[in-house]
Amino acid sequence: MAEFQKVRARKKFRFLDALEKPIEVLIRLCGWSSIIGIAAIFLFIFKEAAPMVPKLDWIHFFTSARWIPNPAPGNPPSFGAWALLVGTFATTFIALIIAVPVGLGAAVYISEFARGKGKETLKIVIELLAAIPSIVWGFIGLMVLGPIIKGIFTAAPGSAWGKIMVAFHLATAETGASQGTNLLTGGVILALMSVPLIVSLSEDALRAVPDSFREAALALGANTWETVRRVLFPAARNGLLAACMLGMGRAIGETMAVLLATGHNNRIPEALTDPVRTMTATIAAEMGETVHGSEHYRVLFILGIVLFIATCGINVASDLIVKGVKKANQS
Amino acid sequence: MKHTTPLHRRTLPPNLVGSDSTPSLTLRSDRKRNFRDAVERVLTRSWTTCLSITVAALTGCGQKESTDPGAAGGQRPVVITQKPVEIRVKGSDTMVQLATGWSEAYRKVKSNVFVNADGGGTGTGFAALQNNTCDICDASREIKKEEIEKTKTVTGKDVKEFVVAYDALAVYAHPSNPINEISIEELREIWAENGAVTSWEQINPAIKGKIALFGRQNNSGTYDYFREHICGQTSAGKQRELRGGISEMNGSAEVVENVSKTPLALGYSGMGYKTPDVKWLKVSSKKGEPAVEPGTDVARSGKYPIARKLYLYTAGEPAGEVKAYIDWILSPEGQKIVEKEGFVPLK
Amino acid sequence: MNAAPVSPVAFGANPFAPSEFERRKVRRASRNKWLMFAFCAVLVIPLVAILVDIFVKAAPVLSLDYLWLNPVNKGKEGGLWAPLVGTFYLVIGSLLFVAPVGILAAIYLNEYAKEGWLNRTISITVTSLAGVPSIVHGLFGLGAFVLTMLPAVNRMIADPNHPETKWEGGLLTASLTIAVMNLPVVITATREALGAVPQAFREACWNLGATRWQAIRTIVLPNSFSGILTGIILVVSRAAGETAPILFTGATFFKWVADSGWDKLFPYNIREPFMALSMHLNIISTQISQMPEVMKFGSAAVLIGLILFINSFAIVLRVWLRGHKRW
């Protein structure tokens, strides 16, 4: 019996080993897959956008807020994406204002203060939060958070709260927010989405600081908070910066959540609760309904290129920042 | 970690490779294996088995998936005796509600006909018609000349048009709004680009505040139709565009939903989307003329100023099941569904 | 502590009592600790509340029937079977493409590649691929698979006289798009798992005369299997939840699915549009008039439940197997 098994095992072994060369070739090919992938993405998006690139009035594209891709017969279309860019950056900005302190704070707590079971639980909860799909976040923004925010930012005309809202640019009208899905809702949802990423990356960065740093600080009489403030933050600075940048990248590129939660309104926001529209939401909302090959279709691909370049730039930059730190630590 | 000698980069001499007595290299634990050990063994050792099961399962699906839908008839349960036929419908979002209603009701008429109704917008529907990826195109506007020509050049067939229902575009407002009627001229100044009216005081002093506008996204037939019939023309004789700063919703239902939640809202959408939480404004063609509430009769007779036809288009004369389906839609039974979904039947 | 002014210590007072400065330090430290904790709480508590709220609002429809029945009347009645099974095939399809390629790529990066510009370029492309917005993946899928690959396939396969033999954007194109999107996730997870296998294992193996591939096959892969599996499970959850990439590459709002028989289990053809849970949630929460709230919350709850279940499974598996590591 044992002899039989041995023989079988040997045969199987030989069969798979005979494939060593082809498998190695396959592995090398697959190693290139990510390069191929990113090149293909750029190529195909650019291929679809290319006929429009020389024709597009780029100055108009980046400075005008007049987005009329499907004009009435006889009128020229107007592709002014300024309001979309502003919408993207405004939501991202609000998201970062909320997400960076919360994310860094939570990361510091998990990495330096929490102990044992509590730490593990928090890490698992954060990981689960990161897994919630963006459409669900959008749904939460639309159905749960939107009504709450609309409730808070509503006042009778002439009331004190209404005047405060107008004075501090919380709302454009004294009656408050016109709809629940707006800049603030979108920003909060994006913040909630990017916080788990920021937390886990910053926690990695904090953990990467050698323990000798902490021990040295403690030996000098610093307590935990002082260690965090004066030793860990400077030491992990680049890692934390990279975490925030990746959070920003995620916020810029997020689609379904902002599609549902920001209000589809092509305008420059004047107040915190104005509805806006982002580049991603515009692509998602309009691409399904354009005629393939039309100018509008190609301009949407150009928006895709803008997004692609922005997020890739952010990612590569943060990668370089982290790599730079590793090199510095090694030398 | 520092590797001074990258050992794993070395190629081993050929005489050392694959000697005959190569033992099984997985570290063995002792005999008393607990459950966890067994599970891990299954996971780690039998990955080839897992792979083959997956592949087998998928080839199983693959076989099903690669068979022609028409040929699969024999395997279906006996409920369906005839050959199943699929009709692909695409187009207007306004009509997706209606199209799905028809498709579901038609299942009861002919159980072997599967009608897959999809939205996407009128423009998409025409594009699909040209590419032959749909049999019927729903349209909430009339086909444009270029689209007819494109279809002709691509498919070699003429487009055939069927008017299947009427739809009135209703102007929706919040129930708390004191305004009950509005004229087309006022609507024009509210909606058109560079229009003069931006706040409710300019219409009626009883209500104050900026108007929050809700409409449809810019490639829907509803948007097109509303622009054409409300915005009028500029001094240069060109069609006026809609203004910026309108919340352009992706679905007709979303417009109504938002209006119902916003006291200062004004929105346009098909009359089929009315809910108890919003109200229709009566519309008059001119200030001073009697205003009309959207409804079945006024839409059909043209008394209501913003009523339109809803169309189905096919490439070439429809035949077979597609023809039967369209005939059924035009029959009283099909028209009943139109009424049920909140649109206006032909008769 | 030379900062504090030296004050005469009264007889009987504790000479080790903390100075005002030290007390302030301690106070600040504990205050900041609570502040950090509050950030965690701010993050976790409202979210848990929202999730519970969704489940409570969805409770009236949640039942096995809700999962097993097909949606009726645009999803206003019935269940979620058709979108659920579509999501299932989408996940399987994308795994079929991404798992082999991703794992082999990670093997290359971890076991074969030498330090150098190529390795570094690949790492950077993996990072940037991970950061590409999902909608851009959707555009890519539209441009590459739906508008370039399918026409080519159609020219070869489809019979122009029979439009039903034509390939359209559907399960195949959507799976491919999702696969490209998840490639970096698989690569990163697998690479980490492979990296966790001690170098000594490989060296021992080589010393017994095994080639590099033999060592990978018999030692490295079995010992990193749990890590790879965890990565794959995470990909499953990501593939199940994504909406933007499948918006234009094959997902549709409504498609007939048989109510019984084998066709209920295998309802979709790979070359035709399919329904997916995330897409279903998107459409019913925005586009359908007079959709009952409970159905919206129901589909959201099912999607959240599905994702959380898959992820918890991955976490439990990881913790469980980690407790059993032999080194």
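**Note on the two-chain predicted model**

1. In chain A, residues 24 or more positions apart account for 69% of the contacts with a separation of 6 or more; contact means heavy atoms within 4.5 Å. The model is predicted, so local features need pLDDT of at least 70 and side-chain atom pairs pLDDT 80 or more, while totals for chains, interfaces and linings use all residues. Residues are numbered from 1 along each chain as its sequence is written, chains are lettered from A in the order written, and side-chain values use heavy atoms, without hydrogens and water.

2. Chain A has 15 helices and two strands. These are DSSP runs (helices H or I, at least four residues; strands E, at least two). Of its 331 residues, 58% count as buried, meaning under 20% relative accessible area with a 1.4 Å probe, protein chains only.

3. Helix α5 (residues 82-113) of chain A packs on helix α11 (residues 224-235) of chain A at about 115°, axes 11 Å apart. That makes α5(A) roughly perpendicular to α11(A) (65 to 115 degrees). A:V108, A:E112 and A:F113 of α5(A) meet A:T224, A:W225, A:V228, A:L232 and A:F233 of α11(A).

4. Chain B comes to 11 helices and 10 strands. Of its 347 residues, 53% count as buried. Among contacts in chain B between residues at least 6 apart in sequence, 73% join residues at least 24 apart.

5. Chain A exposes about 13,600 Å², with carbon and sulfur atoms supplying 70%. Chain B exposes about 16,100 Å², and there carbon and sulfur supply 53%. Accessible areas come from the Shrake-Rupley method with a 1.4 Å probe.

Definitions and conventions: Axes are lines fitted to C-alpha atoms, for helices over the stretch in contact, and angles run from 0 to 180 degrees between N-to-C directions. Angles under 35 degrees count as roughly parallel, over 145 as roughly antiparallel, 65 to 115 as roughly perpendicular and the rest as oblique. Buried means under 20% relative accessible area, exposed over 50%, partly exposed in between (1.4 Å probe, protein chains only).
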